[in-house]
Structure formats: C-alpha cells, structure tokens
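Subject: A structure for you to look at

Hello,

I am passing on a structure that may be new to you. Please have a look at it first, and then read my notes below.

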Amino acid sequence: MRHILLSSIGKGQYDHKTKVMRYQRADYTMGFSKEYISSTHVYDALLNLQKDKRIDKIIFMGTAGSNWYLMYEHLFEEDSIIKPTLQYDETYALRLLQLEEESKKKCVYRRFGSQKKIYSS
C-alpha cells in the first residue's frame with residue numbers, strides 16, 4: 001500500500017523585527033500520543049510523527065495566497081526533513097517570489113461598514 005502525505009501550505013506571518021514573512025513554530029501530535037514535535041512546518045512534523053511509515057509521495061495544497069516561496073526555500077534548508085532529489089533552482093525560487101508579489105497586487109480590499117470583502121481580479 002502506498003502512503004501519500006497531503007499537506008497544506010499557509011501564508012506565514014509578517015515578522016516586524018526582521019521585516020520578512022515567516023512561519024511560527026507550533027507543537028504537533030498524532031491521536032492520543034504524548035509525543036509531540038515542534039516545527040514551523042506541518043509536513044516536517046507529520047513526517048517525524050510517522051517515522052514508522054514510509055511516505056511514498058507528498059502532495060502540497062495551497063492557494064495563490066499561500067507562500068510557495070517559503071515552502072520551497074525550507075525544503076532545501078538543513079533542518080528540513082524532506083531531502084529533495086533535485087538541486088536548488090534559484091531562478092525557480094525567484095519566480096515563486098514574483099508570483100507571491102503579483103498575487104498581493106491582484107487582491108483588492110474593500111470595506112463596507114464593518115465587513116471586509118476581498119475581491120480577486
């Protein structure tokens with residue numbers, strides 16, 4: 001039987017000190033286990049918690065607002081559980097960063113009374 005990990009990609013939060021987007025560290029556990037893993041990325045935590053199972057494939061899910069650039073960068077960091085089979089591609093990383101910037105520009109915020117609605121163009 002194949003084991004496929006589905007993982008979502010978030011947006012991250014703006015760190016006012018460093019002036020960059022980043023993910024916050026959180027504690028993850030499975031079921032009623034007392035073991036927990038502290039990680040900034042849910043897929044790393046899940047892989048750590050599922051050590052006894054071989055994961056054959058990982059599918060990342062996200063939206064245009066997800067920070068694909070941060071996820072890609074993390075895959076090549078030393079503390080990442082995932083070890084990519086491809087080499088780091090700076091051109092690809094910069095394109096992901098450009099797409100993130102473009103998606104921010106396409107989002108228009110309008111305020112109607114106390115409601116905030118988001119429209120994408």
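Let me start with a pairing: L6 has I59 in β6 as its bridge partner. Strands here are DSSP runs of E with at least two residues, helices are runs of H or I with at least four, and both are numbered from the N terminus.

Please keep in mind that this is a predicted model, where local features need pLDDT of at least 70, side-chain atom pairs count only at pLDDT 80 or more, and totals for chains, interfaces and linings use all residues. Residues are numbered from 1 along each chain as its sequence is written, and side-chain values use heavy atoms, leaving out hydrogens and water.

**The two strands**

β1 and β6 run parallel, paired over 5 bridges; DSSP must find at least two bridges for strands to count as paired. In a regular strand, side chains alternate between the two faces of the sheet. Strand β1 (residues 4–8) has L5 and S7 on its covered face, with I4, L6 and S8 on the uncovered one.

I4 belongs to β1 and is partly exposed because its relative accessibility is 44% (buried is under 20%, exposed over 50%, partly exposed in between, with a 1.4 Å probe and protein chains only).

G62 sits in the loop between β6 (57–61) and α2 (68–75). With 45% relative accessibility, G62 is also classed as partly exposed. Leaving aside residues up to four places away in sequence, G62 touches I9 and W68, where contact means heavy atoms within 4.5 Å. The C-alpha atoms of G62 and S7 are 8.7 Å apart, although 55 residues separate them along the chain.

Best wishes
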